[in-house]
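Hi,

Here is the structure I promised to hand over. Please open it first, then read my notes below.

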Amino acid sequence: MTRVIRARKAQITKPKLISRLALGDDGTVSGFVFDPDAPEHRFTIEILLDGLVLKTAYADAFTPECSELDRSNTCGFAVSIDIELLHAARHLSARLANLGTPVGNPIDLENDTTFRADLRPTCKLRWLGGLHFQGWIDSEIVVTLEAIVDGESVAQVRATAWTHIGGDAEGGASRNVRAFDFHVPQRLADGRVHRILLRKEDGEQIPAAATFVAFPDGLAGMIDVIGGYAAERLRGKLYDRLIPASLPLHDYADWRERFPLPEPQPSPLRLAVVIAGSSGTQQTLASLEAQSHENWTAGAIDGQPLSIDSDAMLEFLEDAAPDADYIVATMAGVSLERTALARIAAAFDSHPDALALYGDLDFLTDDGRLWPLAFPAFDYERLLEQGYCAHLFAVRRKALFAAIETARPNNLYRLFNSLLDQIGPLQTDILHLPGALATMPKLDRTTAGALLSAASQSHLRARGIHANVTQQTGNFFPAVRIKRSLSKQRVTVIIPTRDRVSLLQRCLETIAPAVERCHADILVVDNESAQPQTIDFLSDLSRRGIRTLRIEGPFNFARLNNQAAATLDSDILCLLNNDIEASSDDWLEEMLTRLGEPDVGAVGALLTWPGDVVQHGGVVLGMNFSVAHAFTDRFSDDPGFLDQLLVAHECSAVTAACLATRRNDYLAVGGMDEDRFAVALNDVDYCLRLREAGKRIVLTPYAKLIHAESASRGSDHRADRRSRFEHELNLLRARWGERLNDDPAYNPQLSRDGVPYSGLAWPPGRRTPRYNRPPVAHDLPLGF
């Protein structure tokens, strides 16, 4: 006999919640959800208008109401809803996604006005990893805050900077707010969980808190110290990748003592040292006398700072140093570190193919504090516009003699760039030594700028490049602007869009002067716009000479651009978001001139938020084993770290919100990867594949535009999009591996905890000599 046992349907137990739902005057919907039986649970919330799901949110934000319910205080949520939608609706409600459990009480939008309040977040505190914190407070004036860890006051925090907030991630309308960035004392890196709060000078606690844990020298280092857990070291290394630690830049002197450079291997190489300039010669000679590497000969060439006499240099090298295979050239006044010459000799020993090398420097301010001049691996564009690596460098004797005899350089800038007169900018045989070789004296930037301008002009002329070179005002280093001649090429600006016609209208209106100036075309790629106003606007574009291309299907930024590129026969593509606004008429021309060098694969622009806070100053790899926009903690008139926002420079990637590239290069690498990076990180992957093909990526601050990032499609950090973004990030990590954590355009001594150029890596990355050579991708089969 067969018995049939019917399966019982499992009952889904709905949690007993404590919750709230509220609506602010500005359209901010906020609240919290707390399950007293499972306080660790965090819920995804659906926001409904008239019974239809409009948005989703993840309840993991700080909210004061949770203080007595949950020690972490992180069960709140906040999203922004268009006021016009609220005016057209009758009811607002919220529920748990998938479960349907109500959150708070529904709001009658037609009759009930008592719920209205200003619910915009007023502050935020974010743990970046280690002992590093960042945040903001809504205030017009500078605010001084006190950091409280486990009830103890540990730091004074001044909110003196500005940042831009708004949209779904922060709630409420976009606005500029006071920003702060600080570290807590190193004694708190004890492997224990700590809780940090902030309060004002009058003792009022502000509604921002965080929980953190930090380890001395990272979790992997702590595992090594305690021993017996070798099998866990891999876990520790992964943790340190994802949650790296940092120390403040102003603690650089102590950091140097904590992480000294390793002693270099002894070398038999004989070095000749040439000192350029009269003032400061004795200081440089005194530092040479203390060198650990003793096999050297030095000579000083009298004259103005940075100046040299080619004949005098050749005479010195032939008479006093005939057996020196490598020559060190330095400006007078530089004080070399004790192991500087030993490190230079060891680097040439270990890299016999190196043509030349340079290293990081230190700078001593008037108050006696030491600061790091932490450079990238070799950056040709920055050499021409800033001469950053020419104040102390070493070069192979044969190459130096050839350059002197051909170019007859009269200063260090021209001496360095003359090494590339015949080779061209694609130079992968110049080494960078992370870690200071010397302390640099203060530069006369006006004098140095005139020398650099003449040197760059002479170098480009020697290469047959027609360019206009103009001296600019540098903040720390000299600065010049290189504007190469613009060749006649067909250019098409590609703008993907879906509804939000006001964004597209503003974009087309503001870019029109630059497009006309460059005789460019525009292709608007419509991805299933449905609003009648948008359809009418698009249908009228052909009358204005603007082409449209309609592509069906879900939003896939990579696919939209790929299909657009396939329909064109233009020489240059300029990928542009529909939420971009131009504030000048020369930005496109500037980007095209940077493509005048054949080995430049993509050019990016300096993008700001509407409030003039930087949104994109290039992409830095390796931040939390991810990527991050550079200089988002600055205004656009800030010089940036070591004047990087004053000169064009190379990056590992730039955003496709405004990116110029050759169509041939685009097609040669297969365009953007629409299968793996449909929405996010496709531009980063594209730039890395260009670099793999031997191309350079250049960011120019002279092309400056306004970008309301994700205004049209929303933030990648929204709850409903977070999993997709994390998936694409994991694919990027899988494809590029350690290359994603070893950015040649970023110094391994600098922090990797989310805000580039804001601190010192603790501990530092690898400080071995490095080239700026192309990355190599791993094969990444679909489905993995």
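Start with strand 7, residues 91-96.

Two ground rules. The model is predicted, so local features need pLDDT of at least 70 and side-chain atom pairs pLDDT 80 or more, while totals for chains, interfaces and linings use all residues. Residues are numbered from 1 along each chain as its sequence is written, and side-chain values use heavy atoms, with hydrogens and water left out.

Strands here are DSSP E runs of at least two residues, numbered from the N terminus. Two strands pair if DSSP finds at least two bridges between them.

What does strand 7 pair with? Strand 3 (residues 44-49) runs antiparallel to strand 7, joined by five bridges. Here E46 has R95 as its bridge partner. Strand 8 (residues 107-108) is also antiparallel to strand 7, with two bridges. L92 stands opposite I107 there.

Now look at the open sheet with the order 9-10-14-13. Its pairing is antiparallel. Strand 9 (123-129) and strand 13 (161-165) are the edges, each pairing on one side only. Six bridges join strand 9 to strand 10 (residues 132-137), in the antiparallel sense. G129 stands opposite H132 in strand 10.

Best wishes

Terms used:
Helices (H or I, at least four residues) and strands (E, at least two) are DSSP runs, numbered from the N terminus. Buried means under 20% relative accessible area, exposed over 50%, partly exposed in between (1.4 Å probe, protein chains only).
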